[in-house]
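Here is a short report on one protein model. Look at the sequence and the fold, then read on.

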Amino acid sequence: MSIIYVLLAISVTVAIVFFIAFIISVKAGQYEDTYTPSVRMLFDDEIVKESITLPKESSKKNSKNKN
């Protein structure tokens, strides 16, 4: 019977710790932006094009070969 009291005390302690963590996160503004995550998937990601640049020496060689 005493183990039930120990488990009850531990569970109440854990619940209080999680409740305090929740209150701290709410006060810190963790749950402020509720609109952006819901519409983020509706917007297309921008495609980033990488420009390929040739070193100066190889571009000079290529221009000589073309002539």
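## A nonpolar surface patch

Met 1, Ile 3, Ile 4, Tyr 5, Val 6, Leu 7, Ile 10, Val 14 and Phe 18 make up a nonpolar patch on the surface. Together they have about 980 Å² of accessible area. Accessible areas come from the Shrake-Rupley method with a 1.4 Å probe, and for residues only the protein chains shown count as cover. A patch takes residues with over 30% relative accessible area and no salt bridge; like charges are joined within 9 Å, and nonpolar side chains (Val, Leu, Ile, Met, Phe, Trp, Tyr) within 5 Å. A salt bridge is a side-chain nitrogen of Lys or Arg within 4 Å of a carboxyl oxygen of Asp or Glu.

Ile 4 lies in helix H1, residues 2–27. Ile 4 counts as partly exposed because its relative accessibility is 48%. The classes are buried (under 20% relative accessible area), exposed (over 50%) and partly exposed (in between), with a 1.4 Å probe and protein chains only.

## About the model

This is a predicted model: local features need pLDDT of at least 70, side-chain atom pairs count only at pLDDT 80 or more, and totals for chains, interfaces and linings use all residues. Residues are numbered from 1 along each chain as its sequence is written, and side-chain values use heavy atoms, leaving out hydrogens and water.

## The chain and its helices

The protein chain has 3 helices and 0 strands. From the N terminus, its elements run α-α-α. Helices (H or I, at least four residues) and strands (E, at least two) are DSSP runs, numbered from the N terminus.

H1 has 26 residues and reaches 38 Å from first C-alpha to last, close to the 38 Å expected at 1.5 Å a residue. That expected span is 1.5 Å times one less than the number of residues. Just after H1, Gly 29 takes a positive phi of about 90°.

Buried residues are 3% of the 67 in the protein chain. The chain exposes about 7,200 Å², and carbon and sulfur atoms supply 64% of that.

Ser 25 sits in H1. Ser 25 is buried because its relative accessible area is 16%. Ser 25 touches Gln 30 and Tyr 31, not counting residues up to four places away in sequence; contact means heavy atoms within 4.5 Å.
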